Amino acid sequence: MPAPQFKYLRPEDIKNLGSFEFAPKALVEGYLAGRHRSRLRGSSTEFRDYRPYAFGDEPKLVDWRVYARTDRFYLRTYEEQTRMDCYLFLDSSASMGFGEGLTKLEYASFFTAALCYLVTRNTDRVALNLFDDRIRHFFPPGSTTRHLHNLLQVLEHNQPGQRTSLATALRRAYPLLRHRGALVVLSDFFDDGAAIFSALSPYLHRGFRIFLFHVLAPEELQLRNLGLRRFDDMETGKRVIAHTRAIGAAYADAMEQHIRGLRELAVRRQVAYTVARTDRHYFSLFDELVE
Amino acid sequence: MNWWSNLVLANPALLPLTLLVAAPLVLHLFARAQPPVYRFSSIAFIERIVRRSVRLRRPQSWLVLLLRTVLFAALIGAFLQPVWFGSGRAASYLQRKHVVVLVDASASMAAMQGSQTRFATACAKASEVLAGLSAADAANVIWLRTPSRAEFPTLGVNIPFLQTALRKATVSLEAADLRGGFDLATSLLQDTTVAREIYVISDFQRSSWSGLRPDVSSAIRLVTIRIGNEDLPNQALTRLYARPASVLANEEFAVYCEVENFSPQPTLKTVSLRAGELRQEQEVRLAPWQKAVAVFRCRLSGSGENVLTASLSEDAFPFDNERWAIVDVRDSFHVGLFNKEPLTAAYWRKALEAVGWAKLETLTSAQLNDKLNFNALLLSGWDGNGGAGIADYLHAGGTVVWFPSDRTRCADIQAVAGLSKTSAATLVWQPSKQAWRLKLARLDDPVFEVFAGGAHGDPTRGVLFARYSFPAADFAGADPILAYHDDVPALLHIKCGGHLFLWNIPLQPEHGNWASQSEFLPFFIELLLKHRSAGQPAAPRDSLPGQAMMRRLDHEVLSKDISLLTGQNAVPLQRQADPQHAIFAALDTTRLGVYRWQYRGQPLGCNLVNFPTVESDLRFQVPDTLTQTASIALEAGQAVRDLREGVSLWPLLLLVAIGAAMAEAMVLRKAAA
């Protein structure tokens, strides 16, 4: 039976992805002791440190040799090896449908598909959240090939939806994430930066390693000189008439300022932030994940 | 007149194009209503920018719209080819017309204005006017001179001839006969139904044109074209005369040179006078717009007509810097003597014979009725009857010293003096045993000038024992020069055209010793000299340039024997038809200077042609009376062809369109920045 063809993960892409490995230096928690270090002290063989005995601790964990020397009860703790859970949040709002040739959603879908493949290839688990102003699809973490195929099929049928609200989506998705891991958000971030990072705070507090990919078409960074145009907002349907030559410079400034604001917030919260231009190949984005 | 009546569209068929002026506004509105749609991911930023810049962009949009409207309007205007007749419109090229061009050829037009004379500029303008005429038009040129003359007797179609005449014309130093010129122009334009135009090309010199009110029909379009755009400063000799006008040989006389400053600046000028072999100079300081008089003292030895030549130091307008006058110099003082009372006449005769230069002629009663020509007339013992010649002589400026006879009626004296005969009194001889003394009654009389220093004694010295009872009230307007101490006039001066002196001083030895005093001789001689007659008034010898100069001879002469010279040049003469006299006239008298009449090479007399003083003031001012009459007034520097062709405005409109386009580009670039 031949392998199924997917729009966003073609055989040549799989071949090119052979040299990549998704291994972020993130501490994850998982149910399977594996290749990722976990901050949970558990039943692995790698010693972490000692701590005093507390009521409720299992007596078997007491290090009797230390007791013999010091006459105090100390417990030996070990580092727990777990599987990594990677949560992919893909913005599927109407604005992601913008782009000439390749839309932002398609670009992000290519990257998402590749990331899903890389994660599952390492037997880590990947979860996918498609959202606009609500959660449209949420696939809990999985690492099987079937799970991968399901994700690829969903991506293939995914269409730009309604208005976007990343902050709302983040807040709503938080209870669904049972294990901490890597949180990868792909969005055009047409939302208030402060609200977004406020929504990310619980994730950071819980120890998620967060990667923000700001997907932007080149036309959004620098308006093309089209003359007088009626700009229709793809999400709100609002209209405004302007001359691209008249507002081009001011728009570029405003967009640059928006990106700078997001970047400053990300640096302050130790969140990785990357502008993903749709005119550049998405493979370059993997570099941001491994650094 | 509304300004748009001076605006003509050369392409009126394109007038509907003016609707396109609204095109930018329409395009602006439609372009704003339906721009192409551009679906964009989020317009939040764009909205914010637009909101922020709308306050700035809205005025810019209106400015751009305005500039585009101006651009369209200017382009459409350029296509319509408007022509501007700022000074008014002359008859069009297609309209048949009769044109008379009045060209000012007076002396002031000889002034240099720039690199050429005003007259040359005027001729060029006149030629330009004629060049605008078509073959169907008729024209004539009138020269404003003395008198004004036309090139053609009627209007003519030979325009090239008129243009040639304008090219060859030279300015004269004549005054302009303005009224005659206008009358001639209107007479030429009578009885015609086509369009009529009179062009007046002049410097409109203030002193000549002031108050002129030309009688031009309203059906005739009057166009004034002013030459010269600034007042030229000038100083001129405006008058030259000698006092007395007739002098004796070697007698001192005064020459008065009036110099006038026609400029707003004070100046210092040198006046030179040449009288015979003598040349004198004086500096005169001239205040702005004022005149000054230089007075020279001269003596001439040669008898006859002597020419005085005065000249002024050089200035920009040299023609009025020289002037001439004639002074008559006589060898002797010609006195007529009527001696009915011989003793007084003997004293007078004795006094005159003592000076040597007096020529005495004794007159009879009959001769007193004839025409008299003397420097002075002495009447001793005349009773006032039958002296028609004396009255005429007095009224012609003669000098008469009259010692009346006893019982002479005052009414007769009044009749001789030309006074109304109101007195019934008579003069009665009054001997007296008591001595009467004389006193000076009028100190400022020139007779007493020689006595002012005391060198010649006291003219009142001596005593008198007889006199006439003189009713002074009957001669209220007369001035006593000498009077008795009781105020009875001793010598009464009656001015009646000439000078009549009533002599009431007995000279006989038995009646006093006044005549035997040494002061008698100088007093009597001074009385005659200071109040002398100039003799028979000569025919006017001064004339203006261009005026005919006449000479009448009482005897028959051949025309070839008479000549008139000015300098070395002979002036052509015309003989007038007259059965009794030989009258010769010179018509070409445009040259300034001395004209000498000669009969077979012998001098007959002189005539003078001096610069017309009215032409010296080079300020211009188009009189209000002419401005109100004129349809069009063209200022100096304006092109004549503009009257007929106007000024095409399309290049200007094209420039405006380019300017509007550039301004629009600048506004848009600034908005983009």
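Modeller: Chain B has a mean pLDDT of 86, where pLDDT is the predictor's confidence in each residue, from 0 to 100. Of the residues of chain B, 93% reach 70 or more. This is a predicted model, in which local features need pLDDT of at least 70, side-chain atom pairs count only at pLDDT 80 or more, and totals for chains, interfaces and linings use all residues. Residues are numbered from 1 along each chain as its sequence is written, while chains are lettered from A and ligands numbered from 1 in the order in which they are written.

Biologist: What are the ipTM and pTM of the model?

Modeller: The ipTM is 0.79 and the pTM is 0.57.

Biologist: How many residues of chain A are in contact with chain B?

Modeller: 25 residues of chain A are in contact with 21 residues of chain B; contact requires C-beta atoms, placed from the backbone, within 7 Å.

Biologist: Which element gives the most to the side of chain A that touches chain B?

Modeller: That is α8(A), with seven residues. Helices (H or I, at least four residues) and strands (E, at least two) are DSSP runs, numbered from the N terminus.

Biologist: Which strand of chain B does β8(A) pair with?

Modeller: β8(A) pairs with β2 (residues 37–40) of chain B, in the parallel sense over four bridges; pairing needs at least two DSSP bridges between two strands. Within β2(B), Val37(B) is the bridge partner of Arg230(A).

Key
Contact = placed C-beta atoms within 7 Å.
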